[in-house]
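Colleague: Before I use any of the terms in your notes, I would like to hear what stands behind them. Please take them one at a time.

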Amino acid sequence: MPYNIPVMRVKLPEASELIPYLNTIDQNAIYSNFGPLVRIFEKEIASNLNLEKESVVTVSNATLGIYAALQALNLPEKSYCLMPSWTFTATPAAAKLAGLVPYFLDVDINTKALTPEIIYNEFDKIPETISSVIVVCPFGAPINLEEWAEFQDQTGIKVVIDGAAAYDSFISGLMPVTELPFIVSLHATKMLGAGEGCFIASTDHKLIKHIEDIVNFGFVKSRESQIFGINAKMSEYTAAIGLASLKNYPQKKLQYQTIRDLYIKHLNNHNITHDLKENYVSTTCNIICEYNNDNIENYLRENGIETRRWWGNGCHTQPAYIDCPVGSLTNTEYLSSHMLGIPFFSNIENDTIKFITSKIYEFNEQFSVTNSA
């Protein structure tokens, strides 16, 4: 049967909420090139993070944001950029754009994130130059930024944080701002959405200015490219959506907190393992299937419930990256076959959540009986 419960339902500000910002754009007749709305948006983001305005820069999307952060670090071409295979494909794409070689490593089974310990254990097995690490905040979960800042200080290996879905973890104070460039996506599917775009935050103001120059053709105090750069600026129209989303954020967060708490209640009642936490919100809910998720996907589909393997089987299995070097990926392989995204959006109803969780429980019970027979 066709899905009648989608895995995600995106909601951005309505047209009426954008009118004041669009009128401002019309009056200014400025549409790009770090226009006034972009600067206001950056300033408001910085204020929400208790940062100076010089600590934040916007970029047209998060993939180019990660690329620009790597490019700003002046890393050796074709050096290894370590990263988890358990991530979205944008992470290795950004590294390749920056002329680096993605090197896929495993994640901690509990946090689902790469750790310094995992890298230290792999050092002896990596023969070539390691220049950098991209650390991913899995599905918006907070990570230990001080630990990674210390890792950078001790090893000299540059660290970039892919916190695409981690806006709420960031503004909730679960991760203190450090000098490490931290990229947050503003894609429509994220908690703070602007359709597309991202912002990069760091206490290193020189680095932020360097990134700004890179995404503006490499212009530095002139209209000549002093350094290699690209065009990846945020438009005024994107900033308009971002500003409206910022205004709506408290209400949106409350909606997602309500849905999160209902899911936690029903999933826990059925002893279903999940990745939801009570100290931050994101726009996804993943369960850990007791059995291989092929079977439960089919079962839920038959009951009109859409699911999603958000990160597939890991980036190391994708054709574009099949030739990239890899370390041990035991936990990644387990997660790829047992982690499954289930419907999670702001206006999902309690009865729908109860139905979804009951079907997961029903499948587990039936499969358990079948396997034990």
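Colleague: Why is Asp168 called buried?

Modeller: Its relative accessible area is 0%, and buried means under 20%, with exposed over 50% and partly exposed in between (1.4 Å probe, protein chains only), so Asp168 is buried. This is a predicted model, in which local features need pLDDT of at least 70, side-chain atom pairs count only at pLDDT 80 or more, and totals for chains, interfaces and linings use all residues. Residues are numbered from 1 along each chain as its sequence is written, and side-chain values use heavy atoms, without hydrogens or water.

Colleague: What is Asp168 in contact with, leaving aside neighbours within four places in sequence?

Modeller: Contact means heavy atoms within 4.5 Å, and Asp168 has Tyr249, Lys253, Tyr280 and Val281 on its list.

Colleague: Which residues touch the most other members of the largest nonpolar core?

Modeller: Leu70, Trp148 and Tyr263, out of 113 residues. A nonpolar core is a set of buried Ala, Val, Leu, Ile, Met, Phe, Trp, Tyr and Cys residues joined through side-chain atoms within 4.5 Å. Beyond four places in sequence, Leu70 touches residues including Ile134 and Val160.

Colleague: What makes strand 4 and strand 5 a pair?

Modeller: Strands are DSSP runs of E, at least two residues, numbered from the N terminus. Two of them pair if DSSP finds at least two bridges between them; strand 4 (residues 130–136) and strand 5 (residues 158–162) have five and run parallel, so they pair. Ile134 stands opposite Val160 in strand 5.

Methods
Helices (H or I, at least four residues) and strands (E, at least two) are DSSP runs, numbered from the N terminus.
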